[in-house]
Amino acid sequence: MSNAHYFYFLIPIAELERIVGEHQKDFEELISDTFSESEIMPFEAKLDAISAVFVQPIISELKFEDFYAKESEAIKQRSFFEECHSSICLENLPDFHINPFQITYLIELLRNFDEVLIDRGGVNELEFKKDYIEGLKKYKNIFSLIPQDEVKPLEVKTTKPVDPIDFLILDVYKEFDRLHSLGLINVVMEQIEEHSEKMKKTFLVIKEEKLDASTLLRKSGLNAKDFDDNLEKLKFFLRKIV
């Protein structure tokens with residue numbers, strides 16, 4: 001992998017800074033929820049090696065022609081890049097093969113955005129978020145460090161999560177609880193009608209009760225990929241309601 005990766009976003013730089021700041025807090029909570037102080041000690045060097053994140057404007061001299069575009073997506077990639085307003089530079093990335101913390105950090109960071117264009121530097125082709133994450137999933141994440149006899153299926157009410165989708169589900173439940181406390185569930189029901197049937201199915205299952213990932217997937221009637229994609233879309237949808 002290249003030593004530096006660059007992410008390009010459609011959102012303003014101030015919004016990107018806010019999201020990155022919140023992600024850092026969420027990641028620290030994830031680590032403290034997943035590992036005890038004694039469990040994390042052997043991995044402190046890997047935590048310290050996580051790349052620093054620099055939020056910055058897009059260099060005015062930078063042109064799409066400076067990248068290696070993916071031939072089958074060149075038109076889409078060019079159109080996206082030309083609409084971007086902000087970027088992230090991650091320098092001195094550790095070896096992905098030996099640092100599960102960096103892998104989890106990147107995957108969870110990217111879950112905060114609808115779409116991202118990524119340049120891995122060198123002669124690597126540009127990638128959109130989905131393909132980049134698929135590449136990251138080839139490496140171990142922090143959940144691989146948990147002893148297998150401690151890994152249990154998620155029960156949202158009583159058991160801490162052990163897989164990225166479990167944390168995504170908890171994020172959705174957190175947003176649902178926030179809106180419920182504000183008395184805005186009727187607003188959600190009205191606005192969600194403008195979205196896809198798959199996302200509505202996901203929401204209606206979430207609305208019934210707090211369930212584990214496998215039960216939610218089964219009750220939604222969706223395949224695993226559609227369930228994951230629409231769960232993420234649902235999180236962003238709920239966050240926008242205030």
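**View 1. F7 and Y132, an aromatic pair.** F7 is buried, with a relative accessible area of 0%; buried means under 20% relative accessible area, exposed over 50% and partly exposed in between (1.4 Å probe, protein chains only). Y132 is buried as well, at 2%. The model is predicted: local features need pLDDT of at least 70 and side-chain atom pairs count only at pLDDT 80 or more, whereas totals for chains, interfaces and linings use all residues. Residues are numbered from 1 along each chain as its sequence is written, and side-chain values use heavy atoms, with hydrogens and water left out. The structure holds 15 aromatic pairs, a pair being rings of Phe, Tyr and Trp (its six-membered ring) with centres within 6.5 Å; planes under 30 degrees apart count as stacked, over 60 as edge-to-face and the rest as tilted. The ring centres of F7 and Y132 are 5.4 Å apart and the planes stand at 80°, so this pair is edge-to-face. Because F7 lies in strand β1 and Y132 in helix α6, the pair ties together parts that are 125 residues apart in sequence. Helices (H or I, at least four residues) and strands (E, at least two) are DSSP runs, numbered from the N terminus.

**View 2. The largest nonpolar core.** A nonpolar core is a set of buried Ala, Val, Leu, Ile, Met, Phe, Trp, Tyr and Cys residues joined through side-chain atoms within 4.5 Å. Of the 34 residues in the largest one, F7, I88, F96, F101 and Y132 touch the most other members. Two or more residues each come from β1 (5-9), α1 (13-34), β3 (86-90), α5 (100-110) and α6 (129-136). The largest share, 7 residues, is that of α5. Not counting residues up to four places away in sequence, Y132 touches H5, F7, F96, L106, L110, I118, R120 and E127, where contact means heavy atoms within 4.5 Å.

View 3. In β3, 5 of 5 residues are buried. S86, I88 and L90 lie on one side and S87 and C89 on the other, and both faces are covered. Strands pair if DSSP finds at least two bridges between them. β1 and β3 run antiparallel and are joined by 5 bridges, with I88 as the bridge partner of F7. Strand β2 (residues 53-56) is also antiparallel to β3, through 4 bridges, and V53 stands opposite L90.

**View 4. The two sides of helix α4.** The buried residues of α4 (residues 74-82) are Q77, F80 and F81. They lie on the same side of α4 because they cover an arc of only 95° around the axis, taken from the directions from the helix axis to the C-beta atoms. These buried residues pack against β1, β4 (117-119) and β5 (127-128). The face turned away from the buried side carries the exposed residues I75 and E82. F81 also belongs to an aromatic cluster with Y8, F64 and F67.

**View 5. K200 in helix α9.** K200 is placed in α9 (residues 197-208) and, at 12% relative accessibility, counts as buried. Its side chain makes a polar contact with the side chain of E193 (3.4 Å); a polar contact is a pair of N or O atoms within 3.5 Å, and within protein one must be able to donate a hydrogen and the other to accept it, while residues adjacent in sequence count only if both atoms are side-chain atoms. Leaving aside neighbours within four places in sequence, K200 is in contact with I192, E193 and H195.
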